[in-house]
Amino acid sequence: MSKHLIVGLGNPGREYAYNRHNVGFMAVSRLASKHNAAFTRRQGKALVTSIRLDENQVVLAKPQTYVNLSGEAVQSLVKFYDVPIEQMLVCFDDLDLPVGAIRLRPEGGSSGQNGMKSIIERLGTQAFPRLRIGIGRPPGRMDPAAYVLQDFKDADAEIMDLTLDKAVEAVEAFVKDGLTAAMNKFNGPAQANDEG
């Protein structure tokens, strides 16, 4: 039996629940509810739950450190659950992808996302799988820091609902079939700024 760790990034607290910055939380929450699991346990600095996918034990985690310090929680989760780094997947919001796009990658930079920066620093490597969930660029000259803390508006909210379903399927494929197969199935045409 194989063990996986799926981490969603976001900020704890009801006021942040539907922010663009919380799509990582939304994705792992949707995966948990699809498999009748709930985040009722605390492990270190994260809320966790477990599901089974075929023969795979999957730990789902939502760090409770606020996004910028996600690495603290992730580092302790990897150690506690003794999960090989290539069997961890981090789900996070990405400004460089349009709303509705998702992209699986085996490694890469932080894409300017502070939670990913924190994880890379704490783990000492960029070589771990990630699922980037597009939230689009802020309009006009809006500060990206303010933009990511906004809730999704009307049309974007509808698109994101479908996108989260797609993200859940991508995570399941990652666990069951491996990263390469999941990338082949779920990564659409390459976008600009697609190296992260």
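## How two helices meet

Helix axes are lines fitted to C-alpha atoms over the stretch in contact, and the angle between two of them runs from 0 to 180 degrees between N-to-C directions. Please keep in mind that this is a predicted model. Two packed helices are described by the angle between their axes and the distance between the axes.

With that in hand, look at helix H1, which covers residues 23–34, and helix H5, which covers residues 154–177. Their axes are 9 Å apart, and the two helices pack at an angle of about 65°. Angles from 65 to 115 degrees count as roughly perpendicular, so H1 and H5 are roughly perpendicular to each other. Their crossing is right-handed.

Which residues of the two helices meet? On the H1 side they are Val 23, Met 26, Ala 27, Arg 30, Leu 31 and Lys 34. H5 brings Met 160, Asp 161, Leu 164, Asp 165, Ala 167, Val 168, Val 171 and Glu 172. Taken by type, the residues of this contact are nine nonpolar and five charged, with no polar ones.

Now step back to Asn 22, in the loop between strand E1 (2–8) and helix H1. Is Asn 22 buried or exposed? With a relative accessible area of 1%, Asn 22 is buried, because buried means under 20%.

Setting aside neighbours within four places in sequence, Asn 22 is in contact with Leu 9, Gly 10, Asn 11, Tyr 16 and Ala 17.

## Two aromatic pairs

How many aromatic pairs does a search of the whole structure find? The search finds two. One is formed by Tyr 16 and Tyr 66, in an edge-to-face arrangement with 6.1 Å from centre to centre and 85° between the planes. This pair links distant parts of the chain, as its partners are 50 residues apart. Tyr 16 sits in the loop between E1 and H1, while Tyr 66 is in the loop between strand E4 (56–63) and helix H2 (70–81). Tyr 16 is partly exposed, at a relative accessible area of 22%, and Tyr 66 is also partly exposed, at 42%.

Tyr 81 counts as buried, because its relative accessibility is 10% and the cut-off for buried is under 20%.

Not counting residues up to four places away in sequence, Asp 156 touches Arg 20 and Val 99.

How far apart are Asp 156 and Gly 8 in space, C-alpha to C-alpha? The distance is 20 Å, and 148 residues separate the two in sequence.

## Two positive phi angles

Finally, visit two aspartates in loops. Asp 54 lies in the loop between strand E3 (46–53) and E4. Its phi is near 55°, a positive value in a residue other than glycine. Asp 54 is exposed, with a relative accessible area of 54%.

Asp 82 is in the loop between H2 and strand E5 (88–94). Although Asp 82 is not a glycine, it has a positive phi of about 55°. Asp 82 counts as exposed, because its relative accessibility is 64% and exposed means over 50%.

Definitions and conventions: Residues are numbered from 1 along each chain as its sequence is written. This is a predicted model: local features need pLDDT of at least 70, side-chain atom pairs count only at pLDDT 80 or more; totals for chains, interfaces and linings use all residues. Side-chain values use heavy atoms; hydrogens and water are left out. Helices (H or I, at least four residues) and strands (E, at least two) are DSSP runs, numbered from the N terminus. Buried means under 20% relative accessible area, exposed over 50%, partly exposed in between (1.4 Å probe, protein chains only). Contact means heavy atoms within 4.5 Å. Angles under 35 degrees count as roughly parallel, over 145 as roughly antiparallel, 65 to 115 as roughly perpendicular and the rest as oblique. A crossing is left-handed if the near helix is turned anticlockwise from the far one by less than a right angle, and right-handed if clockwise. Ala, Val, Leu, Ile, Met, Phe, Trp, Tyr, Cys and Pro count as nonpolar, Asp, Glu, Lys and Arg as charged, and the others, Gly among them, as polar. Rings of Phe, Tyr and Trp (its six-membered ring) pair if their centres lie within 6.5 Å; planes under 30 degrees apart count as stacked, over 60 as edge-to-face and the rest as tilted.
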